[in-house]
Amino acid sequence: MRTTAAEAGPDAGEAPVAAPRPGLRAHARLRAEAAYPGARTVLSELVSDGPLALRRTRHPEDPDAAQATVVGAMAAPLTGDHLRITVRVGPAARLRVTSAAATVSLPGRTGPGAPALEPARYELEFHIADGGILEWLPEPVIAAAGSHLRQHTRVRLAPGARLVLREEQVLGRATDPQPGRLASRLTVRRTAADGGPGRLLLDQETDLGPGSPAWDGPAVLGPHRALGQLLTTESPGPPVQAAGRAGEFAAEFAAEATASAGSAESADLALPGDCGLTLRTALAANGLDLRRALSGPPHMVLL
């Protein structure tokens with residue numbers, strides 16, 4: 001008969017073995033629909049899960065557009081967690097998504113006896129139908145010391161869909177002796193008119209923090225600790241400003257950003273071809289300067 005460590009007890013001379021504990025799994029879902037162009041957008045699906053609590057909030061600029069806010073219901077993601085948010089915007093629907101606070105990636109349980117877990121995963125999936133508008137404007141993702149997070153944002157744009165997507169990543173909190181590790185990938189596809197997989201428009205990936213080669217070298221972050229990007233798409237149809245946001249974003253804090261973006265650097269790149277995407281990338285010493293760099297005029301325009 002074989003005796004397990006638990007049955008033998010501490011007198012058996014064997015160190016207790018920590019049982020593997022899978023990380024948290026959570027999948028929040030959000031769907032916005034409008035009956036016809038110009039109609040009021042309604043949230044037909046608003047499903048919270050685990051630490052991802054979705055709340056209906058009021059769009060401050062467009063009473064007929066929908067807005068939802070992601071509220072962190074508990075500390076997450078920790079190492080081993082797998083969080084996922086799926087957002088679907090129907091034809092002619094207008095949706096803005098914000099967050100109540102920054103998302104802080106934490107190391108979770110560490111030390112002797114702690115189970116070996118995979119890095120935390122945070123997956124975002126956006127499906128935007130023809131004529132739909134999504135504004136994804138959350139607060140930053142912060143990689144705390146000892147954490148390891150892999151984030152992947154997947155966007156599927158139907159012909160005529162419009163997008164304003166802001167992503168901000170900050171390495172370490174103010175009191176952290178060193179930052180955590182944060183890998184992020186952004187994949188954007190233009191779907192075919194029949195809903196097929198369509199064409200890949202953008203697929204880029206960064207891997208920053210301890211353990212990633214040369215992440216703090218001059219070719220990557222250098223002295224900066226905050227990285228962000230603003231992706232916008234323009235297509236035939238009414239100006240996005242009519243919905244109250246896209247295009248306005250660049251002018252919202254323009255005067256302030258010009259005066260006080262600190263050591264931030266930013267550049268705009270109009271992606272080649274007829275995809276209608278413009279990508280702004282910015283680096284800054286901190287999250288505040290990063291937000292200003294993403295909001296104001298660019299320091300450089302790449303052709």
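Colleague: How do the residues lining the second largest pocket divide into nonpolar, polar and charged?

Modeller: They divide into 13 nonpolar, 3 polar and no charged. Here Ala, Val, Leu, Ile, Met, Phe, Trp, Tyr, Cys and Pro count as nonpolar, Asp, Glu, Lys and Arg as charged, and the others, Gly among them, as polar. Before we go on, keep in mind that this is a predicted model: local features need pLDDT of at least 70, side-chain atom pairs count only at pLDDT 80 or more, and totals for chains, interfaces and linings use all residues. Residues are numbered from 1 along each chain as its sequence is written, and side-chain values use heavy atoms, with hydrogens and water left out.

Colleague: Fine. What's the volume of that second largest pocket?

Modeller: The second largest pocket has about 240 Å³. Of its 16 lining residues, Val71, Gly72, Ala76, Ala102 and Thr103 are the closest to the centre. Two or more lining residues come from each of β4 (66–72) and β7 (103–105).

Colleague: Which element gives the most to that lining?

Modeller: β4 does, with 3 residues. Strands here are DSSP runs (E, at least two residues), helices are runs of H or I of at least four, and both are numbered from the N terminus.

Colleague: And what counts as a pocket or a cavity for you?

Modeller: Both are found on a 1 Å grid over the protein atoms alone: a cavity is a set of points where a 1.4 Å probe fits but cannot get out, while a pocket is an open set with protein on both sides within 12 Å along at least five of seven lines. Lining residues have an atom within 4 Å of a point. Grid points are joined across faces, edges and corners, and a volume is the space filled by probe spheres set on the points.

Colleague: How many cavities of 30 Å³ or more does that rule give?

Modeller: The count is 1. The largest cavity holds about 130 Å³ of space, and of the 15 residues that line it, Tyr122, Trp136, Pro138, Glu139 and Val141 are the closest to its centre. β8 (120–128) and β12 (162–171) are the elements that give two or more residues to this lining, and β12 has the largest share, 4 residues.

Colleague: Why is β15 largely enclosed?

Modeller: Strand β15 (residues 226–233) has 7 of its 8 residues buried, so it is largely enclosed by the rest of the structure.

Colleague: Which way does β15 run against β12, parallel or antiparallel?

Modeller: β12 and β15 run antiparallel, joined by 8 bridges. Leucine 165 stands opposite leucine 231 in β15. β15 also runs antiparallel to strand β17 (residues 277–284), again with 8 bridges, and there glutamine 229 has threonine 281 in β17 as its bridge partner. Strands pair if DSSP finds at least two bridges between them.

Colleague: What does threonine 206 touch?

Modeller: Leaving out residues up to four places away in sequence, threonine 206 touches Gln169, Leu182, Ala183, Ser184 and Leu227. Threonine 206 lies in strand β14 (residues 199–208) and is partly exposed, with a relative accessible area of 26%.

Colleague: Now the backbone: which residues does the cis peptide bond join?

Modeller: It joins alanine 76 and proline 77, with omega about 5 degrees. Proline 77 sits in the loop between β4 and β5 (82–89).

Colleague: And alanine 92, buried or exposed?

Modeller: Alanine 92 is buried, at 13% relative accessible area. Its phi is near 70 degrees, a positive value in a residue other than glycine. Alanine 214 also has a positive phi, near 55 degrees, but alanine 214 is exposed, at 54%, in the loop between β14 and β15.

Conventions:
Buried < 20%, exposed > 50% of the residue type's maximum accessible area, 1.4 Å probe, protein only. Contact = heavy atoms within 4.5 Å.
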